[in-house]
Amino acid sequence: MTEDEPRQQTFQLVALAEVDARRGEVQKLIDAVPRILAARKKESRDAESILKAQREKLQGFRTHLKSLELDLAEREAALSKANGNLLTAKSNAEYSLLMAEITRKKEEKGKTEESILEQFEVIKQGERLVVEAEQRLVEAQSEYVEFEQRALRELDSHHADLAKHDERREQIRRAIHGDVLKIYDRAYVALGTGIVPAEGRTCQGCFSLLTPNDANRLLAARNLVVCKMCSRILYDPQVLQASSP
Ligand SMILES: [Zn+2]
């Protein structure tokens, strides 16, 4: 390395770190898309299960109405039979008993008729809920389609950004020595950053204090300095600024 080379390498490394950070952000956005879509999809699946439940409930209401109607038919048959018996009554006492029975059967029939009317209301309400659930499902599905289209458009633009960052990244990496890249890459893969500033003689990656020797070497900027604790490459922002090309 020439005397100025470590500085140039540091510039390139800082630029590389910036590109890698931006790439990381874009990659995060790309990775989040399937998760966000799945969460949105769940909303329309929930609307589907609500609709299914409302339809099943309505079916139950209708089944109950059928059984009430059968009940009513039976009660009507029993009533007309009792009315027939009235004609064959052999005594006043028997007649009175039959009359009492007919009254009771009329009351029962009236109650069943009331229940049927109530059940019609229950069914009407159930039908309203089904219609509402159908509307919600249609809304949720069209919202999802809209959201998905937007998300896929964004995904396209994220991929375009990523391609740009990748190109810039390759360009920068070509200007950095292979052995320096190895140090950077190892720390980047393990810790998420390959180069960090040192401020107040402290590594800003792991916050451990630099040895006086390393602090001096950093100031002289003739060698690359690596943090002894975290193995990230260090740079002094002020030195870098003062010598910016
Ligand atoms: Zn460190």
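Let's start at I195: setting aside neighbours within four places in sequence, I195 is in contact with L13, V14, A17, Y184, R232, I233 and Y235. Contact here means that the C-beta atoms of two residues, placed from the backbone, lie within 7 Å. This is a predicted model, in which local features need pLDDT of at least 70, side-chain atom pairs count only at pLDDT 80 or more, and totals for chains, interfaces and linings use all residues. Residues are numbered from 1 along each chain as its sequence is written.

I195 also belongs to the largest nonpolar core, which has 19 residues; those touching the most other members are L13, Y184, I195, A198, C203, I233 and L234. Such a core is a set of buried Ala, Val, Leu, Ile, Met, Phe, Trp, Tyr and Cys residues joined through C-beta atoms within 7 Å, where buried means 20 or more other C-beta atoms within 10 Å of a residue's own, again placed from the backbone.

| Element | Residues |
|---|---|
| α1 | 5–87 |
| α3 | 178–191 |
| β1 | 195–199 |
| β4 | 233–235 |

Helix α1 provides the largest share, four residues. Helices (H or I, at least four residues) and strands (E, at least two) are DSSP runs, numbered from the N terminus.

Now to the sheet: it is open, with four strands in the order β2-β1-β4-β3 and mixed pairing. β2 (202–203) and β3 (225–226) each have a single partner strand, so one side of each lacks a neighbour in the sheet. Strands pair if DSSP finds at least two bridges between them; β1 and β2 pair in the antiparallel sense over two bridges, and A198 has C203 as its bridge partner in β2.

Methods. A residue is buried if 20 or more other C-beta atoms lie within 10 Å of its own, exposed if 12 or fewer, and partly exposed in between; C-beta atoms are placed from the backbone.
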